[in-house]
Amino acid sequence: MECASDTSFLSSPDFLLLSCHILLFLDVPLFFYGAYCILFKTPYSMSSVKWLMFNLHIWSTILDLTLTLFGVPYILLPFPAGYGLGLIDAPEAMVYVGLIIVTAVDASIVLIYENRYFMLYARDSYWARVRKPCLAGIFIFTFCLCQPPFLLIPDQPTARKLVLDNLPCFQTFSFENREMFVLSTSWELPLIFLTVGFFILAPPFLSFFTLTFYHLMKSSTSVSFKTQKLQRQIIKALTLQSSFLIINILGPFFGIVITMILQYHHQGLNNLLFLVLSLHGIGSTIVLVLVHKPYREFTFYAICGRFKYPRCKQPRLFNSSFLAVRVTF
């Protein structure tokens, strides 16, 4: 195993705690603002996905609070082990809850994309008859994947010694009597479950995104210029939100997988991976406000300090009030 010794502040638990406290300070007001926009500023044209968007927003909020307040994972990759620095000193329970919440966030994202595809193009198709059992089967199977690793938890004192013996460069920090939790002494088993879960949830998301994109492009040749313009704006919104999803969710995921495969340990890199993941709530709320016209207009009205249409100039952002897609992981 390649192990990089690092005594910098970046690798310390103090850096992780400080960063999480700053993120928490930013998260809370943004989460409340995003929830307010969804509940009270969603127009009738988006009512069919209003509660799906709110459901995703709630799960994203819970995930961010788990990462930045209750759990605060200090992970010792490439081993599936680490310390919990949050308010709740129960790392095993927090890891389990965290996996369930990530699954719920992924499911919420898939449901929104599926809803857009179904409402726009598939109401009278074969998919309308099989969509509910298919979606339920995917999510139940993914949920079940979270269970086996916790049935194979090793003896903790022995596992802790094995992890520390294989991380000679790991610096000794003060963890305030917190004990290390080791999910598995083998990196292959968690990696298998992570990979299988990814290949179960990724195809539905990619399929609904691709189908919606295909139908938008296909129909643009036989509609008015105004509708074509709206369709192009929708495609831009989908591209922006999907790019944010890839960078913010898949980036840390692939970082974890590569670290495990290469058997490389650098604690500063581990801290950064989980901080990037913790940014998804803030980023997705900002994207939500900027991409959707009703929320964007309300935000600029509030900034201008008026309750009616202000005369201040708004930035030229694309209109996606027709699109009800909210991306966050």
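**Figure 1. Cysteines and disulfides in the predicted model.** In this predicted model, the number of disulfides is 0. A disulfide, in general, is a covalent bond between the sulfur atoms of two cysteines.

Figure 2. Side chains of opposite charge can pair when their charged atoms come close. The structure contains 4 salt bridges, and in one of them the side chains of Asp-89 and Arg-178 meet with an N to O distance of 3.8 Å. Asp-89 sits in the loop between strand E3 (81–84) and helix H3 (91–121), while Arg-178 sits in the loop between helix H6 (156–165) and strand E4 (181–182), so this pair ties together parts of the chain that are 89 residues apart in sequence. Asp-89 is partly exposed, its relative accessible area being 46%, whereas Arg-178 is buried at 19%, a class that applies because buried means under 20%.

Figure 3. The side chains of Glu-114 and Arg-131 form a salt bridge in which N and O are 2.7 Å apart.

**Figure 4. A salt bridge between a helix and a loop, Arg-160 with Glu-179.** In this view Glu-179 forms a salt bridge with Arg-160, and their closest N and O atoms are 3.2 Å apart. Because Arg-160 lies in helix H6 and Glu-179 in the loop between H6 and E4, the pair ties together parts that are 19 residues apart in sequence. Glu-179 is exposed, with a relative accessible area of 52%.

**Figure 5. The contact of helix H1 with helix H9.** Two packed helices are described by the angle between their axes and the distance between the axes. Here the axes of helix H1 (residues 13–40) and helix H9 (residues 267–278) come within 11 Å and cross at roughly 10 degrees, which means that H1 is roughly parallel to H9. On the H1 side the contact involves Phe-15, Leu-16, Ser-19, Cys-20 and Leu-23, and these meet Asn-271, Leu-272, Leu-275 and Ser-278 in H9. Sorted by type, the residues of this contact comprise 6 nonpolar and 3 polar ones, with no charged residue.

Figure 6. The peptide bond leading from Leu-77 to Pro-78 is cis, with omega near 15 degrees, and Pro-78 is found in the loop between strand E2 (73–75) and E3. Val-72 is not a glycine, yet its phi is positive, at about 50 degrees; this residue lies in the loop between helix H2 (50–70) and E2, and it counts as buried at 2% relative accessibility. Gln-263, also a residue other than glycine, has a positive phi near 55 degrees. The place of Gln-263 is the loop between helix H8 (225–262) and strand E5 (264–265), where the residue is buried, with a relative accessible area of 17%.

Key: Residues are numbered from 1 along each chain as its sequence is written. This is a predicted model: local features need pLDDT of at least 70, side-chain atom pairs count only at pLDDT 80 or more; totals for chains, interfaces and linings use all residues. Side-chain values use heavy atoms; hydrogens and water are left out. A disulfide is a pair of cysteine sulfur atoms within 2.5 Å. Helices (H or I, at least four residues) and strands (E, at least two) are DSSP runs, numbered from the N terminus. Buried means under 20% relative accessible area, exposed over 50%, partly exposed in between (1.4 Å probe, protein chains only). Axes are lines fitted to C-alpha atoms, for helices over the stretch in contact, and angles run from 0 to 180 degrees between N-to-C directions. Angles under 35 degrees count as roughly parallel, over 145 as roughly antiparallel, 65 to 115 as roughly perpendicular and the rest as oblique. Contact means heavy atoms within 4.5 Å. Ala, Val, Leu, Ile, Met, Phe, Trp, Tyr, Cys and Pro count as nonpolar, Asp, Glu, Lys and Arg as charged, and the others, Gly among them, as polar.
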